[in-house]
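Subject: Structure handover

Hi there,

Here is the structure I promised to pass on to you. Could you open it next to this message as you read?

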Amino acid sequence: MLEEAGHGSWTYCVDLSPEDGRRRTRRRGGFATEAEAAQELAAVLEGELSGAYEERRTTVADYLREWLAARKEELTVNTYAGYKAYVERDLIPAFGRCRLLDLRPKQIEDWMAAMNIGLSKGSTFERILLFPTKPMIKYLRTRNPAEAGSREKLYVAVTRAKHSVAFVVP
């Protein structure tokens, strides 16, 4: 059912398949046009049939926190703490306000490209792909400390990895 809410916005209302024998009614409003409300209603119904509907207003922050809460019991205390820190410190500030359905691979790729040694301070990663600077490449080839440039940055970059580091050199 679609209806104009009387104050310039549109609402849809639909009865969904019962869970636990109880009726489920979903009502959502605030759509600017009848077409927007109808499109959302169609997505809800399609999702009901496929079992894959995601609430269109869910932000990345909402989803990540919900995902983390759902996994808490199956994770070790340290793993959960690490995931939570990563979600709260890195992912939510970068993507949290974005609606989940609006998040695109390009946004993630751009963010990952921007993650440099300075931004990674305090973070750990399973694996690191390191694109060394010219002085770092010289040091890796000659092992001459005078050629290293900022050895501290190389050390920081290498020690961010839990399992492996790979250098990408021309």
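Below are some notes on confidence, salt bridges and one valine.

A word on the ground rules comes first. This is a predicted model, so local features need a pLDDT of at least 70 and side-chain atom pairs count only at pLDDT 80 or more, while totals for chains, interfaces and linings use all residues. Residues are numbered from 1 along each chain as its sequence is written, and side-chain values use heavy atoms, with hydrogens and water left out.

**Confidence**

The protein chain has a mean pLDDT of 77, and 78% of its residues reach 70 or more; pLDDT is the predictor's confidence in each residue, from 0 to 100. Helices (H or I, at least four residues) and strands (E, at least two) are DSSP runs, numbered from the N terminus. Where pLDDT is low, the predicted coordinates should not be read in detail.

**Salt bridges**

Side chains of opposite charge can pair when their charged atoms come close. The rule used here asks for a side-chain nitrogen of Lys or Arg within 4 Å of a carboxyl oxygen of Asp or Glu, and by this rule there are four salt bridges. The notes below also use accessibility classes: buried is under 20% relative accessible area, exposed is over 50%, and partly exposed lies in between (1.4 Å probe, protein chains only). Among the salt bridges are these:

- Asp102 and Arg99 meet at 2.8 Å, N to O. Asp102 is partly exposed at 34%, and Arg99 is partly exposed at 37%.
- Asp90 pairs with Arg89, with the closest N and O atoms 3.0 Å apart. Asp90 is buried, because its relative accessible area is 10%, whereas Arg89 counts as partly exposed at 39%.
- Glu74 pairs with Arg71, with the closest N and O atoms 3.9 Å apart. Glu74 is exposed at 58%, while Arg71 is partly exposed at 28%.

**Val168**

Val168 sits in the segment after β5 (161–167). With a relative accessible area of 33%, Val168 is partly exposed. Which residues does Val168 contact, leaving aside its neighbours within four places in sequence? They are Leu129, Leu130, Phe131 and Pro132, where contact means heavy atoms within 4.5 Å. The C-alpha atoms of Val168 and Ile137 are separated by 9.7 Å, and these two residues are 31 residues apart along the chain.

Best wishes
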